[in-house]
Amino acid sequence: MSDMRCDIELTVNGETVMETVEARTTLVDFLRETLALTGSHVGCEHGVCGACTVRVDGAIVRGCLMLAAQCNGAKVETIEGVSDSGQIADLQSAFERRNALQCGFCTPGMLLTAQELLSNGGVPSRETIREHISGNYCRCTGYQAIVDAIEAVAQARAGGRK
Amino acid sequence: MKPAPFAYAKAKSVEHAIELLGQAGGDARPLAGGQSLIATLNMRLSAPKLLVDLNGIGGLSGIAVRNGRVEIGALTRHVDAERSADIGKHAPLIALAMPHIGHAAIRNRGTIGGSIAFADPAAELPACLLALGGEIEIAGANGRRTVKADDFFKGLFETALSPQDVLTAIRVPAVTKDTRVGFAEFARRHGDYAMAGLAASAKANGAGLAGVRLAYFGVGDTPVRAKKAEAALAGGKVDDAIAALAADLNPSGDVQATAATKKHLAGVLLRRVTKQLMEAQP
Ligand SMILES: Cc1cc2nc3c(=O)[nH]c(=O)nc-3n(C[C@H](O)[C@H](O)[C@H](O)COP(=O)(O)OP(=O)(O)OC[C@H]3O[C@@H](n4cnc5c(N)ncnc54)[C@H](O)[C@@H]3O)c2cc1C
Ligand code: FES
Ligand code: FES
């Protein structure tokens, strides 16, 4: 009934994956080490920094606080898939234009977190943006440029829809 | 760090979970949102032999309003409670607290039952449950039982749950016309655990208050009722209530704030929350 190793079948960025994982393997380690999807980063490994952010069944989660074994049957999306899909192309270019990244370590998590907020629609206040990214550490930029980039994209997307 | 090896089992029902928890020589742990449990495993603060995943159990999540009470299933995610119109309308104290719990990605996974079972002394929900005089539904090897919030939080991370128990739901009284609630906390960064916080409920009584329940968090080993301050507040005297906190609370300092700072903040919180309690509410 219980196992040290588990067979899982899930989709990752739209592709079906079947693997056997150790029960203790976290989702982010599985993505990075078994599937070589190294765009999701590993910082603190206890939920504080947000570097490991990925989407599971459409919602952002901490990749370090979910087990790969729990993702049997799930739909997982990483920065690689979301980037390739083009849905955050405007956000990525706004980050680049406004220097919202320097070393880039926090960027994949920051982009996925920002995209979740933006997908609610409307133009969130700067305070709401700061609250929403409060779980994602950036040690380089001082956040101001990140808030600028997210705000600019929210305005552009709202304008574009009119 | 990486967790020590453990086995994983997915429970199909509450009964199945209880049975699985009885295996592994009692060294098994229920896994809900994992937002506290997996963090402590990664840091090797604990190393159980078996995790019993509750996430596949049907019927453990959802919010229902019946018989004047709001019932929240243990597996209800924070994000769903935060967005629930029923909680906003019938349990507004919980609605006020939700946005302060961790960050968006944490609330997408974390569960109401997990927050209560984990019983972090600086957590918002245990204090809300205590302020509302709520109760906790538990299923165990010897059947089901209900425990009042006043009797549930026993000590630091210690509750009335035994290792084979599954918390299945919490219940709080739905608000009535005369219910007043208030909530405030101080945290260094939005979403962090509070340095000190206060959840409160009362009944309007003419121009004053009756049945005041003040539950502090972040100032003790458990959420703490400030009973002398409650009595003073029911007498209409805010300054007396703040003075009474000296006898009600005995915080120790932690990495976030010294004991003196926490005591001071407790008074500031009481003034703010009293103002909320005195305002007419829907
Ligand atoms: C960066 C970060 C910031 C956070 N900030 C806050 C904050 O500000 N305020 C706050 O309140 N919380 C905060 N949390 C914790 C978060 O709210 C957790 O989700 C919550 O405390 C535990 O819920 P869970 O569902 O994730 O439980 P889990 O982590 O799965 O379990 C926690 C404990 O409870 C037990 N348990 C869980 N469910 C049950 C059940 N149904 N029956 C019996 N036992 C059970 C488990 O065995 C385990 O011992 C934070 C977490 C992180 C990572
Ligand atoms: S590595 Fe997961 S939150 Fe830091
Ligand atoms: S760009 Fe370096 S951590 Fe954010």
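I began with the salt bridge between the side chains of Lys2(B) and Glu45(A), where N to O is 2.5 Å. I keep in mind that this is a predicted model. Between chain B and chain A I count two salt bridges, and 14 residue pairs are in polar contact, both residues at pLDDT 80 or more.

Next I asked which helix of chain B gives the most to the side that touches chain A. I found helix 6, with five residues. Strand 1 (7–10) and helix 1 (14–21) are among the elements that each supply at least two. By type, I sorted that side of chain B into 19 nonpolar, nine polar and six charged residues.

Then I looked up the extent of the contact. I see 34 residues of chain B touching 29 residues of chain A. The buried area comes to about 2700 Å², with 57% from carbon and sulfur atoms. In chain B, Phe6(B), Tyr8(B) and Arg189(B) lose the most area to chain A, together 20% of what that side buries.

Last, I turned to the rings: there are three aromatic pairs over all chains. Phe118(B) and Phe157(B) have ring centres 5.1 Å apart and planes at 50°, so I note the pair as tilted. It ties together helix 7 and the loop between strand 8 and strand 9 of chain B, parts 39 residues apart in sequence. Phe118(B) is partly exposed at 28%, and Phe157(B) is partly exposed at 43%.

Phe183(B) and Phe217(B) are stacked, because their planes are at 25°, with centres 5.8 Å apart. Phe183(B) is buried at 7% relative accessible area, and Phe217(B) is buried at 0%.

Notes: Residues numbered from 1 in each chain as written. Chains lettered and ligands numbered in written order. Predicted model: local features only at pLDDT ≥ 70, side-chain atom pairs only at ≥ 80, totals over all residues. Heavy atoms only, no water. Contact = heavy atoms within 4.5 Å. Buried area = accessible area lost by both parts, 1.4 Å probe. Salt bridge = Lys/Arg side-chain N within 4 Å of Asp/Glu carboxyl O. Polar contact = N/O pair within 3.5 Å; in protein donor to acceptor, adjacent residues only side chain to side chain. Helix = DSSP H or I, 4+ residues; strand = E, 2+ residues; numbered from the N terminus. Nonpolar A, V, L, I, M, F, W, Y, C, P; charged D, E, K, R; others polar. Phe/Tyr/Trp six-rings, centres within 6.5 Å; stacked < 30°, edge-to-face > 60°. Buried < 20%, exposed > 50% of the residue type's maximum accessible area, 1.4 Å probe, protein only.
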